[in-house]
Amino acid sequence: MKTDALIDALARDAGPVRVLPPAVRRVWAWLAIALSFAAAMVWAIGPRPDLAERMVEARFLFEQGAALATAIAAALAALALTVPDAARFWRWLPVIPAGAWLGTLGLGCLRDWAQMGAEGLRLTPDPQCFAYIALIGSLPMMALVLMLRKGAPLRPSWTLALAALAAAAIGNFALRLFHMQDAALMVLVWQAGAVALIAGIAGLCGRHVLRWPGVPA
Amino acid sequence: MPPVSGGEGRQLSPDQELKRHDPDMTPTREGDQTRATTQSRHAALDALMRAAQHGDSRAYHTLLQEVADRMRRLVAARAPWLGKADIEDIVQDVLLSLHMARATWDPARPFMPWIAAIARNRLTDHARRYKRRQAFDQAASDLAEVFSTTPGQSHAEGVVNLISVRRAMSDLSPGERRAFSMVRLQEMSLAEAAEKGQTTIGAIKVAVHRASRKLKQAINRDGKESE
């Protein structure tokens with residue numbers, strides 16, 4: 001196709017477009033969807049019996065707050081990456097809450113070790129974590145991908161990895177509300193590990209999910 | 001051969017390149033006047049894009065034309081070895097990308113940094129694909145060479161191969177023969193061969209690749225016949 005013909009076709013077919021709201025505003029819409037789904041899942045599975053006790057425990061609240069902040073920051077970064085002239089610093093935004101999250105879990109491991117010795121660092125298989133995080137993160141992930149596809153796929157791998165990090169962090173946030181597992185090392189390996197793995201896999205699929213028109217993956 | 005963008009050395013952004021190659025945007029002695037002209041041209045682009053977002057197809061047509069002209073100049077200056085068809089491919093990709101992403105432009109912000117970010121992204125994609133294609137061509141030609149110089153070849157096999165190659169050379173089209181001779185036998189670079197043959201690098205590469213494949217097939221065929 002000649003360029004002039006392409007310009008004619010694009011100009012002919014182009015109607016008015018609704019300008020995308022800023023990423024900061026869109027992220028709240030996504031969060032509402034994600035948290036509603038997570039709440040529904042927690043309700044369906046049944047919250048943990050000691051939830052009331054946990055909700056007044058500073059360590060639990062800090063870990064949950066860091067997971068939620070990671071989800072919001074990662075979703076914001078993913079949305080900002082699809083805006084061509086967005087500032088570069090957005091993509092590094094999740095580093096702060098994710099660092100705080102991992103840091104808390106790391107400190108938790110040390111505390112468990114100090115209190116219980118080797119028993120506090122016992123690692124047993126807990127594959128349910130991955131399944132629950134993937135399940136609860138699925139709808140938030142789909143919603144975020146639909147939102148991302150309205151933008152420009154400038155950094156598809158980074159964008160999808162950040163989106164998956166956001167969705168999986170929501171999954172982990174919800175998981176802690178019904179899954180009786182608080183040993184820091186277990187949470188670090190099986191829960192944070194599952195979040196990282198999901199983000200990594202999504203990153204590898206980025207170019208196939210988010211791509212420019214007319215260009216093979 | 002340098003890539004279209006990205007890679008080693010200090011590289012100018014498409015926006016900066018655009019200014020370097022756009023006569024209206026080049027700083028001159030009348031610097032202030034030129035700056036004012038540049039600003040008014042950028043403001044005109046902002047206005048066109050704003051109108052396009054509201055569904056004004058004529059404004060959108062003008063904008064696309066303007067972007068296409070600028071991209072054409074930029075790519076031709078940045079990658080002079082590319083043929084016209086390759087340049088048009090890149091221009092069309094940028095236009096399609098602009099079209100797809102036009103809802104992401106915030107009318108409160110300038111248009112140029114926005115389109116420059118898209119152009120930079122598309123140029124990088126093209127550079128990556130170009131490098132991949134080049135690597136593939138190199139692998140194909142290496143394969144052909146490996147087939148004709150396998151260790152342990154007897155003198156007789158070498159002679160048979162030589163005869164086969166000579167015979168196969170006569171089966172090549174004049175263009176393939178000429179391209180193969182320049183690049184593989186005279187060891188000219190693709191750019192030199194393209195200049196001498198008054199054609200594009202892409203055409204030379206395709207011709208060399210086809211010729212290598214035909215020669216390899218001829219050697220394989222003759223080898224099997226002599227077994």
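Okay, let's start with how H6(A) and H8(A) pack: their axes are 10 Å apart and the angle is about 40 degrees. Axes here are lines fitted to C-alpha atoms, for helices over the stretch in contact, and angles run from 0 to 180 degrees between N-to-C directions. That makes H6(A) oblique to H8(A), since under 35 degrees counts as roughly parallel, over 145 as roughly antiparallel, 65 to 115 as roughly perpendicular, and the rest as oblique. The crossing of the two is right-handed, meaning the near helix is turned clockwise from the far one by less than a right angle.

Who makes the contact? On H6(A), the residues include A:Phe130, A:Ile133 and A:Gly137, and on H8(A) they include A:Trp190, A:Ala194 and A:Ile198. Contact means C-beta atoms, placed from the backbone, within 7 Å. And helices are DSSP runs of H or I, at least four residues, numbered from the N terminus.

Quick housekeeping: this is a predicted model, where local features need pLDDT of at least 70 and side-chain atom pairs count only at pLDDT 80 or more, while totals for chains, interfaces and linings use all residues. Residues are numbered from 1 along each chain as its sequence is written, and chains are lettered from A and ligands numbered from 1 in the order in which they are written.

Stay with H8(A), residues 184-209. Where is the kink? It's centred on A:Gly203, at about 35 degrees; the bend is the angle between axes fitted to the seven residues ending there and the seven starting there. Among the buried residues of H8(A) are A:Trp190, A:Ala194 and A:Ile198, where buried is 20 or more other C-beta atoms within 10 Å, exposed is 12 or fewer, and partly exposed is in between. Their cover includes helices H5, H6 and H7 of chain A.

Now the two chains together. In chain B, 31 residues are in contact with 25 residues of chain A. H4(B) gives the most to that side of chain B, with ten residues.

Confidence in chain B is highest in helix H3, at 90, and lowest in helix H1, at a mean of 47. The whole model scores ipTM 0.79 and pTM 0.69.

B:Gln198 sits in the loop between helices H8 and H9 of chain B, and counts as exposed because it has 6 C-beta neighbours inside 10 Å.

How values were computed:
Two residues are in contact if their C-beta atoms, placed from the backbone, lie within 7 Å. pLDDT is the predictor's confidence in each residue, from 0 to 100.
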